[in-house]
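Subject: Structure handover

Hello,

Here is the structure for your files. Please open it alongside this note; the findings follow below.

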Amino acid sequence: MSELSMFFAQNAACDTTEEFVVSQRFKDKEGTAVAWKLRSMTEDENQDCRKAATRKVKGKNGAYTSEIDPNDYMAKLMTASVVHPDLKNAELQRSYGVMGAEALLRKMLLPGEFAALGERVQALNGFGTDMNELVDEVKN
């Protein structure tokens, strides 16, 4: 086995999935907090989240520059990592009176819960920095 073979696709660890209790407010029939299922993503998926959160902003002399909305990017990153509950489920979205996975996540969770989920998703996807450092990295 060559030294390079350890990097072959078939030898790389697959997507990581884990369960995480986002909130004590969502309970099963026995009254136990329900864990959400989260997954890691590829850099291609991360780039899709970044692109979707990037807007053209008119600057000085009418020149346009690309600018990422850090809140939108984080919401997209989080919704892409949540496997269960299915945030794209129309019935679940209707129950909260929203349309779209990001809007649902913002409506479902309290601010602290939203932040805790964001931290867990960042860690699961290999980000060892806080959100401000992540945004600065994405801008560059």
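Start with a helix pair. Helix α1 (residues 43-52) packs against α2 at an angle of about 145 degrees, and their axes lie 8 Å apart. Axes here are lines fitted to C-alpha atoms, for helices over the stretch in contact, and angles run from 0 to 180 degrees between N-to-C directions. Helices (H or I, at least four residues) and strands (E, at least two) are DSSP runs, numbered from the N terminus.

This is a predicted model: local features need pLDDT of at least 70, side-chain atom pairs count only at pLDDT 80 or more, and totals for chains, interfaces and linings use all residues. Residues are numbered from 1 along each chain as its sequence is written, and side-chain values use heavy atoms, with hydrogens and water left out.

Back to the pair. From α1, Asn-46, Cys-49, Arg-50 and Ala-52 meet Asp-72, Tyr-73, Lys-76, Leu-77 and Ala-80 of α2. Contact means heavy atoms within 4.5 Å. By class, 5 nonpolar, 1 polar and 3 charged residues make up the contact of α1 with α2. Ala, Val, Leu, Ile, Met, Phe, Trp, Tyr, Cys and Pro count as nonpolar, Asp, Glu, Lys and Arg as charged, and the others, Gly among them, as polar.

Next, the core. A nonpolar core is a set of buried Ala, Val, Leu, Ile, Met, Phe, Trp, Tyr and Cys residues joined through side-chain atoms within 4.5 Å. Buried means under 20% relative accessible area, exposed over 50%, partly exposed in between (1.4 Å probe, protein chains only). The largest such core has 24 residues, and Trp-36, Leu-109 and Leu-117 touch the most other members. At least two of its residues come from each of β2 (36-39), α2 (70-81), α4 (101-108) and α5 (111-124).

Now look at Val-82, in strand β5 (residues 82-84). Val-82 is buried, with a relative accessible area of 9%. Leaving aside neighbours within four places in sequence, Val-82 contacts Trp-36, Lys-37, Leu-38, Leu-87 and Leu-117. Val-82 and Trp-36 are 46 residues apart in sequence, yet 7.3 Å apart in space, C-alpha to C-alpha.

Helix α5 has buried residues too: Glu-113, Leu-117, Gly-118, Val-121, Gln-122 and Leu-124. Just after α5, Gly-126 takes a positive phi of about 85 degrees.

Finally, the whole chain. There are 6 helices and 5 strands. Of the 140 residues, 32% are buried.

Best wishes
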